[in-house]
Amino acid sequence: MLRPSKKLALALEAVTDIALNGGAEPVQSQDIAERLGLPRRYLEQVMQQLVRAGVLKGVRGPRGGYRLARERRRITVGQVVRVVQGLDEIEEGPIVSSSPLGQEVMAPFWQQVEEEQMRRLDEVTIEDLCQQASLRGVGQAGSKGMDFAI
């Protein structure tokens, strides 16, 4: 089974956490890190990439933190994957060898698998994940009735 990288799983969980716990006030990174059981420094690296990609907005100041850049129904899992996957590809390099088998058979195979996965991930929104969390009674520190602010 193909599994997401730790960085991808963290990014998706952090975005969903912000969607669940966000509102008029931004969600602070130390609160996210505490809920996810992660070091804040590790989390910040991923969060900054999501801000640069326009998935999140960073809010500076003593009551600063993060909020969604768009409504949670307008952010797909695929968008988050593309941000993090872009980072991982730079770090890892190509996944196939330069042999004829690697180039002519394996590369197209993996490309097709990736395209099918991304199509499916683009169908799932952060809102869908929030609904799953709600059904399971997970996640909200306090419902504030908003999922993003302008």
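Which residues does Thr 16 touch, not counting residues up to four places away in sequence? Keep that question in mind while you orient yourself in this predicted model, and the tour will come back to it at the second stop.

**The whole chain.** Begin with a cartoon view, in which the chain shows 6 helices and 2 strands, running α-α-α-β-β-α-α-α from the N terminus on. Of the 150 residues in the chain, 36% are buried. If you consider the contacts with a separation of 6 or more, 70% of them are accounted for by residues 24 or more positions apart.

**Thr 16.** Now select Thr 16, which lies in helix H1, spanning residues 6-21. With a relative accessible area of 10%, which is under the 20% cut-off, Thr 16 is buried. Its side chain reaches the backbone oxygen of Leu 12 at 2.9 Å. To settle the opening question, display Ile 126, Leu 129 and Cys 130, which are the residues that Thr 16 touches once those up to four places away in sequence are left out.

**H1 against H6.** On the H1 side, the contact is made by Leu 12, Val 15, Thr 16, Ala 19 and Leu 20, while H6 brings Ile 126, Leu 129, Cys 130 and Ala 133.

**The largest nonpolar core.** Next, select Met 47, Leu 50, Leu 56 and Val 80, which, among the 32 residues of the largest nonpolar core, touch the most other members. In soluble globular proteins, nonpolar side chains tend to be buried together. Centre the view on Val 80 and, leaving aside its neighbours within four places in sequence, show its contacts, which are Leu 8, Ala 11, Leu 12, Val 15, Leu 50, Val 55 and Ile 75.

**The aromatic pair.** The ring centres of Phe 109 and Trp 110 are 4.9 Å apart and their planes stand at 65°, so the pair is edge-to-face. Both residues are partly exposed, Phe 109 with a relative accessible area of 41% and Trp 110 with one of 30%.

Notes: Residues numbered from 1 in each chain as written. Predicted model: local features only at pLDDT ≥ 70, side-chain atom pairs only at ≥ 80, totals over all residues. Heavy atoms only, no water. Phe/Tyr/Trp six-rings, centres within 6.5 Å; stacked < 30°, edge-to-face > 60°. Buried < 20%, exposed > 50% of the residue type's maximum accessible area, 1.4 Å probe, protein only. Helix = DSSP H or I, 4+ residues; strand = E, 2+ residues; numbered from the N terminus. Polar contact = N/O pair within 3.5 Å; in protein donor to acceptor, adjacent residues only side chain to side chain. Contact = heavy atoms within 4.5 Å. Core = buried A, V, L, I, M, F, W, Y, C linked by side-chain atoms within 4.5 Å.
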